[in-house]
Amino acid sequence: MANVLVCIKRVPGSSGQVLLTGDSMSIDARHVGHTLSPHEECAIEAAVQIAGDTGGAATVLTLGPEGALEQLREALAVGVSSAVHLVTADGGSGDSGDAHGPADVAAAIADVARRREAAGEGFDLILLGNDAADTGDFQVGVRLAYLLARPVVTGARTVAVDGSGPAAVATVIGDGPAGTEEFQLPLPAVVTVKEGEITPRYPSIPGRLKAKKAPVEVIEAPAPVQGTARRALVLPPEHPSTVQILGTDKDTGAAAAAVVDVLHTIGVVTR
Amino acid sequence: MSTSATTVLVLVEAEPEEMSTLSLEALTFARALAEPAGATVHALVVGDLPANGAGELSSHGAQVVHQVSDPRLAAYSAAAWASCVVDAIGAQSPAVVLAPASPRGNEVIAHVAARLDLRMAANVTEVISAQVQDASTGDAALVVRRQVMGGAVLEELDLVGSPALFTMAGHAVEHTTVESPAPAQVIATAPISLSAADLVAAVRRTVPVASSGTDLTRARVVVGGGRGVGGADQFDELIALAGRLGGALGVSRVVTSLGWRPHHEQVGQTGSRITPDVYLACGISGAIQHWAGCSSAKTIIAVNTDPEAPMVTKANYAVVGDLHQVVPAISSELDARHH
């Protein structure tokens, strides 16, 4: 029986044009909305599968503004049984609307994990996304593992738990520079998940109804200590389009000939 | 970084035949950072160097190479590598420690940051100011610029603490060699603080990936397909063209999400970052997520029915039209010229 905690983040959508707030300290998500990081969708699915396979339970946690309840509900709708919401004040320099830096987030999660452990409800496995789609810090999971003195592997393509009690191990498959790498971690452990092999399920209607009633523990997030150290966000300079139109499908032959001329000029076609 | 004793330490990664490209970029960047301050560039490698590894490191600016060897380091473990970096920090007191923003680089530097309770900045593209004082503590800080939102936005932040720890975004600089480099001093060392706990999360086994053609991240030509391809059974023309050009097929996230093609072919923020000489992007609108993975292509040719698609407006060249007409025509044209 493995109790799994999956940590997620509410991030601005990336399907439209990125705009900054007036003070250049955050991303203005008014027009693009908010979503989950893709890696975390896979982490949620892994948590639900492991909890199901082992007869354990999956809990979802986020540190974020009140609106992040929406992302917790998404996880609850696909089989996570309870949620913890570390609520932050809106406004600040983080992109999810707060001023917590990666060390602060790790410390806040560690507090929850320790408190649960003291109550006899510890987490055997803590899953996170490999990196948040917005701030891309690549470090919350590793910092959390050190705070809890647990082994950690990042960038997992799949995670499975075998055995129970002190013999329980997590088998992690990831991509290394020379091929597919396998790790086996004694539990409790921390693993960060990457999009790829795990396919997130879609919420069912009963799942959505259940999510509305699922318990959400709401806690005020501890104040940031390290913060983000952000000075400002800047948008890379927009270069005016210099595209040269080589043709259209009204004269496909001429367009194709122009493309091949370019390939010759670049040198990728030599003969 | 004001005294000549200051060092910049670069964690580099060795591949079987050569040093990784991102490592050479990180060295190039470190050199530019060190030179004005009169600092020395040190490279740290865990495990074996390829045959000409020391030569490559020297020619890219490493003055000293620390090579850490131990049988316990045979299988990769991020914690073990981090213990080696922490050893080197203790011995050299570098002002700056950086690594390529590869999966290994980001992972190891995160471990180092956690061990030393230091800040870490991932995917740095630029050091804006080499030395400032943190207003509240008086501590030294580097002001860096780094990629967030998959590179669609840059964040400027104060990297307070010593050493300054960061990873270098891929292809933020082109790697260049030093004119008449002196051979680096190679110092073979043994790990000092490596413990059994550092080996718990070590790789147990590695299964080489069966190569199904040209490696996407190294391909000189990538032919890309997006939603506009239309279906899982509609990729033959793109695959044929990629093969004809000795290149690889790359796809957008929507293509893998729909299950049309496997994830390992994905180009983008959550897939591969490609650096080909030419990227032929077919039926791809060019969303931020995708652009994050393809913007380092030297030349982009877009094929799209929508002349206003970001992929078209950001491309160097474009054909406005249906890829299912244009792509076979390009293959035919190549055949006609080269048979």
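Biologist: How far apart do the C-alpha centres of domain 1 and domain 2 of chain A lie?
Modeller: They lie 46 Å apart. Keep in mind that this is a predicted model.

Biologist: And where do those domains run in chain A?
Modeller: Domain 1 covers 4–220. Domain 2 covers 241–271.

Biologist: What does chain A span overall?
Modeller: Its C-alpha trace spans about 70 × 45 × 40 Å along the principal axes.

Biologist: How many helices and strands in chain A?
Modeller: Six helices and 15 strands.

Biologist: What share of chain A is buried?
Modeller: Of its 271 residues, 56% are buried. As for contacts in chain A with a separation of 6 or more, 69% come from residues 24 or more positions apart.

Biologist: Let's pick a helix. Why is α4 of chain A described as largely enclosed?
Modeller: Because seven of its nine residues are buried, the rest of the structure largely encloses it. The helix takes in residues 140–148.

Biologist: Which residues of α4(A) are the buried ones?
Modeller: A:Val140, A:Gly141, A:Val142, A:Arg143, A:Leu144, A:Ala145 and A:Leu148.

Biologist: What covers them?
Modeller: From chain A, the cover includes α3 (102–118), β8 (125–129), β9 (152–162) and β12 (189–193).

Biologist: What comes just after α4(A)?
Modeller: A:Ala149, with a positive phi of about 55 degrees.

Biologist: New topic, the nonpolar core. Which residues touch the most other members in the largest one?
Modeller: A:Ile44, A:Val60, A:Leu125, A:Leu127, A:Val159 and B:Val108. That core has 73 residues. Helix α3 (residues 78–92) of chain B gives the most to this core, namely nine residues.

Biologist: What does A:Ile44 touch?
Modeller: Leaving out residues up to four places away in sequence, A:Ile44 touches A:Val6, A:Ile8, A:Leu36, A:Ala75, A:Val78 and A:Val80.

Biologist: Which residues line it?
Modeller: Chain A supplies A:Ser37, A:Pro38, A:His39, A:Asp131, A:Ala132 and A:Ala133. Chain B supplies B:Gln269 and B:Thr270.

Biologist: And by class?
Modeller: That lining has three nonpolar, four polar and one charged residues.

Biologist: Over to chain B. Where is B:Pro276?
Modeller: In the loop between α6 (253–257) and β13 (278–282) of chain B.

Biologist: Buried or exposed?
Modeller: B:Pro276 is buried, because its relative accessible area is 0%.

Biologist: What does B:Pro276 touch?
Modeller: Beyond residues up to four places away in sequence, B:Pro276 touches B:Ala219, B:Arg220, B:Val221, B:Val222, B:Ser296, B:Ala297 and B:Lys298.

Biologist: And where is B:Gln67 relative to B:Pro276?
Modeller: The two are 209 residues apart in sequence. In space, they are 32 Å apart, C-alpha to C-alpha.

Biologist: Last one. Where is B:Ser129?
Modeller: In strand β5 of chain B, residues 121–133. Setting aside neighbours within four places in sequence, B:Ser129 is in contact with B:Leu142 and B:Val143.

Biologist: How many residues lie between B:Ser129 and B:Val143 as a sequence separation?
Modeller: They are 14 residues apart in sequence. Their C-alpha atoms are 5.1 Å apart in space.

How values were computed. Residues numbered from 1 in each chain as written. Chains lettered and ligands numbered in written order. Predicted model: local features only at pLDDT ≥ 70, side-chain atom pairs only at ≥ 80, totals over all residues. Heavy atoms only, no water. Domains from an automatic or database assignment. 1 Å grid on protein atoms, 1.4 Å probe; cavity = no way out; pocket = protein on both sides within 12 Å on 5 of 7 lines; lining within 4 Å. Nonpolar A, V, L, I, M, F, W, Y, C, P; charged D, E, K, R; others polar. Buried < 20%, exposed > 50% of the residue type's maximum accessible area, 1.4 Å probe, protein only. Helix = DSSP H or I, 4+ residues; strand = E, 2+ residues; numbered from the N terminus. Contact = heavy atoms within 4.5 Å. Core = buried A, V, L, I, M, F, W, Y, C linked by side-chain atoms within 4.5 Å.
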